[in-house]
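Visitor: I would like to go through the aromatic side chains of a protein model. Please show it to me before we start.

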Amino acid sequence: MSEQQEIQAIADETRAWVNKVIMKYNICPFTRREVERNSIRYTVCQETRMELVLQALLDECQFLDAHPEVETSLFILPRGFEGFYLYLDLLGIAEDLLVEEGFEGTYQLASFHPDYCFHGEPQDDPANFTNRAPYPTLHIIREEGMAAALASYNEPESIPERNIAFARRKGSEFFVRLLQECKKPD
């Protein structure tokens with residue numbers, strides 16, 4: 001498989017996760033609109049060094065600045081951040097960097113990782129699957145778009161609790177199977 005084919009396969013697997021998990025099971029009720037509008041960008045970052053990943057993340061924010069038709073970007077990190085704690089370090093630095101570079105109030109980050117674990121929760125809690133993705137991923141969200149979506153949604157604060165209840169009801173095996181199915185995109 002060529003490098004370009006590998007990059008495409010990673011993007012396709014992530015797209016399948018968005019469609020088969022996030023949208024299908026309404027984990028994020030705002031996803032369907034963006035999928036239907038084809039306004040989600042899937043960017044695979046091949047860098048593995050922290051400083052190069054952070055520069056690529058800033059480049060992605062600048063891309064979004066120049067392309068308002070793209071509502072959101074999934075910034076996928078297939079290598080270098082497989083360890084959850086290293087990934088969390090990257091997330092913290094990335095959030096600070098967005099503030100330093102003047103993107104506060106414009107973009108925010110949501111985080112997804114194959115080993116995601118909520119603070120204080122056991123690793124095997126099915127609720128963790130609400131933030132588990134095929135690859136470490138930083139979701140760059142336009143704050144303006146998110147504010148509009150939240151304003152039109154009744155009780156948006158209930159979304160996380162609803163997702164946790166759904167995940168615990170379905171169980172870990174259900175989500176493990178879904179993630180495996182994403183490796184075979186349609």
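Visitor: Does Phe30 count as buried, partly exposed or exposed, and what is the relative accessibility behind that?
Guide: This is a predicted model, in which local features need pLDDT of at least 70 and side-chain atom pairs pLDDT 80 or more, while totals for chains, interfaces and linings use all residues. Residues are numbered from 1 along each chain as its sequence is written, and side-chain values use heavy atoms, without hydrogens or water. Buried means under 20% relative accessible area, exposed over 50%, and partly exposed in between, with a 1.4 Å probe and protein chains only. Phe30 therefore counts as buried, its relative accessibility being 17%.

Visitor: How many aromatic pairs does the structure hold?
Guide: Rings of Phe, Tyr and Trp (its six-membered ring) pair if their centres lie within 6.5 Å; planes under 30 degrees apart are stacked, over 60 edge-to-face, and the rest tilted. By that rule the number of aromatic pairs is 13.

Visitor: What geometry do the rings of Phe30 and Tyr153 have?
Guide: Phe30 sits in the loop between α1 (3-23) and α2 (31-37) and Tyr153 in the loop between α5 (143-151) and α6 (159-170), so the pair ties together parts 123 residues apart in sequence. Helices (H or I, at least four residues) and strands (E, at least two) are DSSP runs, numbered from the N terminus. The ring centres are 5.6 Å apart and the planes at 75°, so the pair of Phe30 and Tyr153 is edge-to-face.

Visitor: Are Phe84 and Tyr116 buried or exposed?
Guide: Their ring centres are 5.3 Å apart with planes at 65°, so this pair is edge-to-face. Phe84 is in helix α4 (residues 84-100) and Tyr116 in the loop between β3 (107-112) and β4 (137-142), 32 residues apart. As for accessibility, both Phe84 and Tyr116 are buried.

Visitor: Which arginine lies over the face of Phe129?
Guide: Phe129 belongs to a cluster linked by ring pairs, together with Tyr25, Phe166, Phe174 and Phe175. A charge sits over a ring if NZ of Lys or CZ of Arg is within 6 Å of the ring centre and within 35 degrees of the ring normal. At 4.6 Å from the ring centre of Phe129, the residue is Arg132.

Visitor: Within what arc do the buried residues of α7 fall?
Guide: In helix α7 (residues 172-181) the buried residues are Ser172, Phe174, Phe175, Leu178 and Leu179. The arc is taken from the directions from the helix axis to the C-beta atoms. These residues line one face of the helix, because seen down the axis of α7 they fall within an arc of 160°.
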